[in-house]
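Grab a pencil and open your viewer.

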Amino acid sequence: MALNKSEKEAAGQLMDALYLDMFHLIEEHTQSRVNLERANASGAILLARTRFQHGGSNSVSTAQIPTENSAEFNALCRVVDSGDGRGISIERQPVDKSNGYVEPLHWFSVLPPMSLRNAVSKFKDCVELVAESTNLQRQLCDVLDWITKLRQTPLIK
Amino acid sequence: MALHSAIKGKLISVIGDEDTCVGFLLGGVGEINKNRHPNFMVVDKNTAVSELEDCFKRFLKRDDIDIILINQNCAELIRHVIDAHTSPVPAVLEIPSKDHPYDASKDSILRRARGMFNPEDMVR
């Protein structure tokens, strides 16, 4: 079947639009990773300050976090799909020990220092940035899939 | 104790160095389920690549995980497994760590995107 000129033109325009979308998404994706890197680095500096102030590298380390032998507990934040096409978002649960929602700060100290509390705030920002980054990555994947599909059609030759 | 019944939403899992895991756990993403399976793994210099790969594959199979965060330097060690994962769920996010800044040229999704306008670098 001979493809008419207007169909080929429309496919070409669609391809252009997809490529433009792809470049915008690459830019946003990279920027979101840079933001995540900044928030993560700020949090890591505050963890290092806590270690310095409280003596020894073991004051905030993997030695305090739960292992397979620890009691079960639930995550305080979960990923929920908004369902309206806006992608995912983070939903936080309040601390409620009786229902398994424990305060992670208390693994490290009963009276956490201000630097550790500030670190928590930075890492909470990181979790929000992760959701934003995931939405962008999924959009970028969709665009790449469409470009691949369109390239395989006889319209783009 | 049925702590996990009727919980809305999915988990974020973490594979990374000590600071990444401690940080995200402080952020509230950590969970240990009723089978005593954590959704995080701390990678240090003694962690074997096979252990890392098994953990990543285990997280891929879990239906309660929506996002897998992995430090980019750890992702480099199991690049073939990450490249083979094409499904949007769970999303695999390569994140920078304290010692290894983010390198866009190593990111799986960006390498695929680059292949779209530079066929010589096309990865699939």
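The expected span of a helix is 1.5 Å times one less than its number of residues. Keep that rule handy for the first exercise, and bear in mind that you're looking at a predicted model.

**Exercise 1.** Compare the reach of helix 1 of chain A with the span expected at 1.5 Å a residue.

*Solution.* Start with the length: helix 1 of chain A has 50 residues. At 1.5 Å a residue, the expected span is 74 Å. Now go from the first C-alpha to the last, and you get 73 Å, close to that expectation.

**Exercise 2.** Work out which elements the buried residues of helix 1 of chain A pack against.

*Solution.* First pick out the buried positions: among them are A:Leu25, A:His29, A:Arg33, A:Leu36 and A:Leu47. Then look at what they pack against. Within chain A, the partner is helix 3. From chain B, helix 1 (18-26) and strand 4 (91-95) join in.

**Exercise 3.** Describe the overall build of chain A, and hold its radius of gyration against that of a compact globule.

*Solution.* Begin with the inventory: three helices and two strands, running α-β-β-α-α along the sequence. Next, the dimensions: the C-alpha trace spans about 75 × 35 × 25 Å along its principal axes. A compact globule of 157 residues would come in near 15 Å for radius of gyration, while chain A has 23 Å. As for burial, 27% of the residues in chain A are buried. Finally, take the contacts between residues at least 6 apart in sequence: 73% of them join residues at least 24 apart.

**Exercise 4.** Take apart the side of chain A that touches chain B: which element gives the most?

*Solution.* Count the contacts: 50 residues of chain A meet 44 residues of chain B. On the chain A side, the elements giving two or more residues are helix 1 (5-54), strand 1 (77-81), strand 2 (88-92) and helix 3 (114-152). Helix 3 gives the most, with 15 residues. By type, that side of chain A splits into 29 nonpolar, twelve polar and nine charged residues.

**Exercise 5.** Decide whether B:Lys45 is buried or exposed.

*Solution.* Locate B:Lys45 first: this residue is in the loop between strand 2 (40-42) and helix 2 (49-61) of chain B. B:Lys45 has 5, so B:Lys45 is exposed. One more thing to check in the viewer: B:Asp17 is 28 residues away in sequence, yet its C-alpha lies 9.3 Å from that of B:Lys45.

Definitions and conventions: Residues numbered from 1 in each chain as written. Chains lettered and ligands numbered in written order. Predicted model: local features only at pLDDT ≥ 70, side-chain atom pairs only at ≥ 80, totals over all residues. Helix = DSSP H or I, 4+ residues; strand = E, 2+ residues; numbered from the N terminus. Buried ≥ 20, exposed ≤ 12 C-beta atoms within 10 Å, placed from the backbone. Contact = placed C-beta atoms within 7 Å. Nonpolar A, V, L, I, M, F, W, Y, C, P; charged D, E, K, R; others polar. Rg over C-alpha atoms; globule rule 2.2 N^0.38 Å.
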